[in-house]
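Here is a short briefing on one protein model. Please look over the sequence and the structure before reading on.

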Amino acid sequence: IEGIGLDGISNSPIFIDRNLRVLRPCILWLDQRGVEYTSKIHNTLERAGITLALPITPLLTITKLIWVMEKEPDIWRDTYCILQPKDFIRMWLTDNVATDPSDASVTMLFDGSKLRWADYIESLFGIKLEKLPEIIPSYKIVGYVTERAAKVTGLREGIPVVTGCADGVADILAAGLIEPFDILIRLGTAGTVSTVLNEYVPSGERYYLFAHVSLGKWIAQRMFPFGIPYKWLFNTFFKNEVEKAKVMGCDPYRYIESMLDIDNDESIVFIPSIDITKDPSYFSGAFIGIKDVHTSSHLAIALLQGLAFAARESLDIILSLIHI
């Protein structure tokens, strides 16, 4: 092993003291405990004339830090540095604290125009910049495997460790998105459409904007509902078919889709929606035009069509960036 690079989930702050010991359990990105602060954060930034690079939701690190400041003041007082999960693992390997632009840029504590922590964070929210780690490019060596870490892991002492990046950004890099307007459509729990930009162009809530591993490049991303409504429909209306497919040893989704008559939708429409103030896997939606002739097959076709149009809508928004 000649070198180590790490990636991990974002917006999951870990609070450590001056002895590099953990002060409290990590607050995972999907934790909703900061929801009460989102409107205040949004309004404060808006009054300050700051264009948002991300929608303000409880998922962001800023909401979690404000929650700890108010609800756990002793923890906040003793906090020396706030790290994301991959940064904590790297600290454990090297005894060095740092983060990279990709993880920093999705916290809402980052100034994308200057590639550093935002000057206004302390004055507007009371978050001391000294508690945030140094930001180092993803590909830079930030430390070396210590003797202690080597004994525990079996790794060779002295292996260089680079800063690394957020898991979503590693995903995008692995898919080959490097040049401007390379585009990736990813279908998972939620769907995403992503592209690469050569400049920082925040837009408020039309799309997410965060740093690429290549310094100075940015990723614009739009999210839409996909896997969760898909799974909900099949588990709700096709329980028997799902169980039969399992007994037959075949994929339930493929089995059920093979039964659908896609040319017979009976004019029912499904409009998916996503509440960006919650976990992005949360969804809501509406079936329109339901009549007594409709069956579960019609609902399934309508849902799949609605998700396809949601993907197209997101793609159109990302494609519009080509003309900026």
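The notes below cover a sheet, a cavity, a pocket and a handful of single residues.

This is a predicted model. An open sheet of four strands runs in the order 9-10-12-11, with antiparallel pairing. The model holds one cavity of 30 Å³ or more. The second largest pocket has a volume of about 160 Å³.

- Strand 9 (183-187) and strand 11 (208-211) are the edge strands. Each has a single partner strand, so one side of each lacks a neighbour in the sheet.
- Neighbouring strands are turned against each other by 25 degrees on average, direction ignored.
- Helix 12 (residues 296-319) packs on this sheet. Helix 12 touches strand 9, strand 10 and strand 12. Its direction makes about 160 degrees with that of strand 12.

**Strand 10 and its partners**

- Strand 9 and strand 10 form a hairpin, with two residues between them. Five bridges pair these strands in the antiparallel sense.
- In this pairing, leucine 187 stands opposite glycine 191 of strand 10.
- Strand 10 (residues 190-197) also runs antiparallel to strand 12 (residues 218-225), joined by eight bridges.
- Two of the opposing pairs can be named here. Threonine 192 faces methionine 223 in strand 12, and valine 196 stands opposite isoleucine 219 in strand 12.
- How many of the residues of strand 10 are buried? Eight of its eight residues are.
- In a regular strand, side chains alternate between the two faces of the sheet.
- In strand 10, both faces are covered. Ala190, Thr192, Ser194 and Val196 are buried on one side. Gly191, Val193, Thr195 and Leu197 are buried on the other.

**The largest cavity**

- About 80 Å³ of space lies inside the largest cavity.
- Its lining counts 13 residues. Those nearest the centre are Ile82, Gln84, Thr107, Trp117 and Pro133.
- Strand 3 (81-83) and helix 5 (101-105) each give at least two residues to the lining of this cavity.
- By class, the lining of the largest cavity has seven nonpolar, four polar and two charged residues.

**The second largest pocket**

- The volume of the second largest pocket is about 160 Å³. It is lined by 16 residues.
- Closest to the centre of this pocket are Thr51, Phe110, Asp111, Gly112 and Tyr200.
- The lining of the second largest pocket divides into eleven nonpolar, four polar and one charged residues.

**Residues with positive phi**

- Asparagine 11 has phi near 50 degrees, a positive value in a residue other than glycine. Asparagine 11 sits in the loop between strand 1 (7-8) and strand 2 (14-16).
- Is asparagine 11 buried or exposed? Its relative accessible area is 9%, and buried means under 20%. Therefore asparagine 11 counts as buried.
- Aspartate 95 has phi near 70 degrees, again a positive value in a residue other than glycine. Its place is the loop between helix 4 (85-94) and helix 5.
- Aspartate 95 is partly exposed, because its relative accessible area of 43% falls between 20% and 50%.

- Glycine 158 lies in the loop between helix 7 (147-153) and strand 7 (160-162). Its relative accessible area is 31%, so glycine 158 is partly exposed.
- Leaving out residues up to four places away in sequence, glycine 158 touches Tyr144 and Val145.
- How far apart in space are glycine 158 and valine 145, C-alpha to C-alpha? They are 4.8 Å apart, with 13 residues of separation in sequence.
- Glycine 49 belongs to the loop between helix 1 and helix 2 (61-71). Glycine 49 counts as exposed, because its relative accessibility is 60% and the cut-off is over 50%.
- Glycine 49 and tyrosine 139 are 90 residues apart in sequence. Their C-alpha atoms are 33 Å apart in space.
- Threonine 44 is part of helix 1 (residues 38-47). Its relative accessible area is 12%, so threonine 44 is buried.
- Threonine 44 touches Leu124 and Phe125, not counting residues up to four places away in sequence.

Technical notes: Residues numbered from 1 in each chain as written. Heavy atoms only, no water. 1 Å grid on protein atoms, 1.4 Å probe; cavity = no way out; pocket = protein on both sides within 12 Å on 5 of 7 lines; lining within 4 Å. Points joined across faces, edges and corners; volume = space filled by probe spheres on them. Nonpolar A, V, L, I, M, F, W, Y, C, P; charged D, E, K, R; others polar. Pairing = 2+ DSSP bridges. Axes fitted to C-alpha atoms, helices over the stretch in contact; angles between N-to-C directions. Contact = heavy atoms within 4.5 Å. Buried < 20%, exposed > 50% of the residue type's maximum accessible area, 1.4 Å probe, protein only.
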